[in-house]
Amino acid sequence: MTAAPPANALPRMSLVAGSPCATCHVAAQGGGMRNSIGFGTSQHTGAVPWSKMGVKSFDTGSPSFGGDTVTVGADIRSVLARMGRPKGDKKGDAELPDFLYVPMQLQPYVGIKPVEWLDIVGSYNLATLQRAFPGQATWEAFAQVHGPAHLPTVRVGMIQPTFGIRHDDHSMLIRADATSPRRPVIPPNYAEIGGELGYQPISWLRVDAGGFMVDNLKQTAAAAVGSSKFAYSARVMVMPQIIFGGSGEGGPTDDGFDDDDDDDFGEDDDEEEDDGGSAGSINTWLGGSVFGAGDFQMINAFLGVGASNLGSLIVEGAMIQKGPNWTGVNMMAMLSVRAGFEWLYFNVRGEQATMTEVNTSGGAVTTQQFVVGFEVFPFAYLEVRPEYRILITDEYRMNHYTLQFHTAF
Amino acid sequence: MKKSIARSEAASENGAAVVANPRTPAESSAGHVSRRTFLEQVGVGGCALGAAILVGCESAELLTDPNAGLTKDAPFNLTTHPGLKTVPGGTATLNAEGLKLFLLRKDEFTVLAYEEKCPHQACPFAQLGVWDDKKKQLVCNCHGSRFEVDGSYVDGSVSGDWANATAAKTWKVTFDKATGEGVVKAG
């Protein structure tokens with residue numbers, strides 16, 4: 001990794017930057033508390049620096065004290081969206097539900113690093129005091145032991161098992177139950193008490209495996225989990241990368257225009273913008289995972305492709321076995337494109353969740369969602385995400401917009 | 001470079017402001033915007049315009065008739081719906097005329113039929129509906145909505161911003177304990 005990776009903590013950023021999630025996050029799987037690199041990334045991404053608004057300390061501060069001994073951070077997310085179902089007394093046009101402002105995450109983190117090879121992190125999501133999904137953990141805490149890069153990492157505590165891709169948009173259907181779109185099978189901030197081993201012997205191969213309790217999984221899949229007391233998870237991921245260098249033709253700073261082109265706008269001014277690196281890369285992921293307990297099992301497969309300063313494409317599929325009577329298949333494809341600036345990305349996503357009650361004549365229940373929107377980082381630490389969504393269930397269709405806010409440091 | 005100089009001279013002839021060095025960041029001179037700046041401005045402007053258009057395009061549509069009923073009786077029995085053998089509290093789903101019904105064994109002699117989706121937030125009773133035998137109420141474990149035997153919503157069973165539950169639709173059911181056969185009546 002050269003300069004600070006662009007923008008904020010999202011799976012697609014790992015693809016665009018060519019850095020694993022652990023580059024910016026304390027937890028090797030990504031998500032949650034950021035390390036100094038992650039904080040620095042958040043600090044230096046934004047259309048308008050804080051120093052231009054007279055708050056220079058926001059541009060230069062550090063979340064760590066005593067060297068790196070104690071680090072603090074937080075994720076604060078909220079959404080303005082139409083919550084609920086359309087209302088009507090006949091088939092056809094219906095009334096949209098009202099807008100509701102929902103705090104989704106108000107989660108401070110504290111991390112302690114007593115020695116170089118040990119991280120201890122704790123956090124509590126205050127937003128769950130008001131509203132929480134079934135199975136959503138209100139707190140997370142873990143101790144992570146990490147030696148030299150050629151040795152495994154061990155994480156123990158209240159943690160999210162590593163399976164599939166840990167997205168940050170909790171309205172995605174990849175972990176949803178199509179029969180109940182607002183009640184996901186695996187809720188946001190899902191976590192269980194357990195332990196996990198992570199091993200990345202070479203830069204392009206990572207393996208994670210763990211064992212967990214099932215207290216929160218039973219909130220959403222009690223019948224399937226049954227009397228089982230433990231859950232297992234395993235994920236294998238290969239991340240081949242093609243690196244190309246220079247700022248000339250074919251390099252990442254080449255915008256594809258020939259400087260000798262005779263056009264109406266004069267020559268390119270390559271001095272105008274520095275893309276922050278002389279080399280670029282095509283970054284890929286290919287992986288699969290399994291997570292299960294008792295008669296519950298979730299198998300994920302995913303593929304990601306990203307290019308420096310351009311964007312990424314992520315495709316993921318999940319097969320869910322929720323006991324002997326329910327089988328689900330969920331799919332998602334998401335394209336993110338840098339819209340001219342590091343602080344502005346355009347996203348489009350299509351997804352579908354189906355759930356079938358086996359051995360009945362009812363057929364599958366299907367929910368589809370299409371989302372178009374932007375990620376805008378107006379200032380450091382702040383992300384605003386306006387989106388237009390089309391949600392289609394077996395019973396209704398809703399075309400509506402949402403606005404998410406995310407403060408992260 | 002030669003072509004750029006030629007354009008600058010032409011602009012000068014027209015009386016327009018001339019940029020002495022076309023490669024400087026000063027781009028505001030007429031007719032001299034870099035490709036990158038133009039694309040960035042188009043990108044942001046296009047995004048803003050698209051957003052403005054989409055904001056005005058909210059709508060909703062019900063794809064099914066909320067008043068749909070059964071035009072004829074729908075039969076069931078304990079062989080085809082073995083979940084109803086559990087007394088009390090056994091459950092099963094019955095598909096009839098495109099409707100999905102939630103059957104609930106209230107006691108030895110009685111089977112209840114509700115619409116399968118909870119009227120609160122459409123959570124599926126098939127997965128989340130349970131019978132509270134003490135209070136003789138159907139409970140939706142999604143958010144706690146409670147319904148009486150006749151489908152009426154128990155006030156206050158769900159609170160908060162989404163507390164918009166209404167009564168659950170029900171159908172009359174005849175059930176013969178001896179034969180294990182029943183019929184959901186049309187309606």
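Asn189(A) counts as buried, because 25 C-beta neighbours lie inside 10 Å. The cut-off for a buried residue is 20 or more. Asn189(A) sits in the loop between β7 (153–159) and β8 of chain A. Its phi is positive, about 55°, although Asn189(A) is not a glycine. All of this is read from a predicted model. The model scores ipTM 0.79 and pTM 0.79.

Stay in chain A and move to Val365(A). This residue lies in strand β17, which covers residues 364–376. Val365(A) is buried, because 25 other C-beta atoms lie within 10 Å. What does Val365(A) touch, not counting residues up to four places away in sequence? The contacts are Ala178(A), Thr179(A), Thr354(A), Met355(A) and Asp394(A). Gln160(A) gives a sense of scale. Val365(A) and Gln160(A) are 205 residues apart in sequence. In space, their C-alpha atoms are 28 Å apart.

Next comes helix α4 of chain A, residues 217–225. Its buried residues are Leu217(A), Lys218(A), Thr220(A), Ala221(A), Ala224(A) and Val225(A). Seen down the axis of α4(A), these residues fall within an arc of 160°, so they line one face of the helix. An α-helix has 3.6 residues a turn, so residues three or four places apart point the same way. What covers the buried residues of α4(A)? The cover includes the chain A strands β8 (192–202), β10 (231–238), β12 (280–293), β13 (296–307) and β14 (311–322). After α4(A) comes Gly226(A), with a positive phi near 60°.

Now turn to chain B. Its mean pLDDT is 78, and 67% of its residues reach 70 or more. Over residues 1–29 of chain B, pLDDT stays under 50. For that stretch the model has 31 contacts beyond four places in sequence.

Strand β5 of chain B spans residues 110–115. Five of its six residues are buried, so β5(B) is largely enclosed by the rest of the structure. Strand β4 (residues 99–107) of chain B runs antiparallel to β5(B), and six bridges join the two. One pair is Leu101(B) with its bridge partner Glu115(B) in β5(B). A hairpin leads from β4(B) to β5(B) through two residues. β5(B) is also joined by two bridges to strand β9 (residues 170–171) of chain B, again antiparallel. There Tyr114(B) stands opposite Thr170(B) of β9(B).

Another part of chain B holds an open sheet of three strands. The order is β6-β7-β8, with antiparallel pairing. β6 (129–132) and β8 (146–147) of chain B stand at the edges, each with a single partner strand, so one side of each is left without a neighbour in the sheet. Two bridges join β7 (residues 137–140) to β8(B). Leu138(B) has Phe147(B) as its bridge partner in β8(B).

The loop between β6 and β7 of chain B contains Lys136(B). Is Lys136(B) buried or exposed? Lys136(B) counts as exposed, because 12 C-beta neighbours lie inside 10 Å. The cut-off for an exposed residue is 12 or fewer. Lys136(B) has a positive phi near 55° and is a residue other than glycine.

The peptide bond from Val87(B) to Pro88(B) is cis, with omega near -15°. Pro88(B) is found in the loop between β2 (74–77) and β3 (91–96) of chain B.

Conventions
Residues are numbered from 1 along each chain as its sequence is written. Chains are lettered from A and ligands numbered from 1 in the order in which they are written. This is a predicted model: local features need pLDDT of at least 70, side-chain atom pairs count only at pLDDT 80 or more; totals for chains, interfaces and linings use all residues. Helices (H or I, at least four residues) and strands (E, at least two) are DSSP runs, numbered from the N terminus. Two residues are in contact if their C-beta atoms, placed from the backbone, lie within 7 Å. The arc is that of the directions from the helix axis to the C-beta atoms. Two strands pair if DSSP finds at least two bridges between them. pLDDT is the predictor's confidence in each residue, from 0 to 100.
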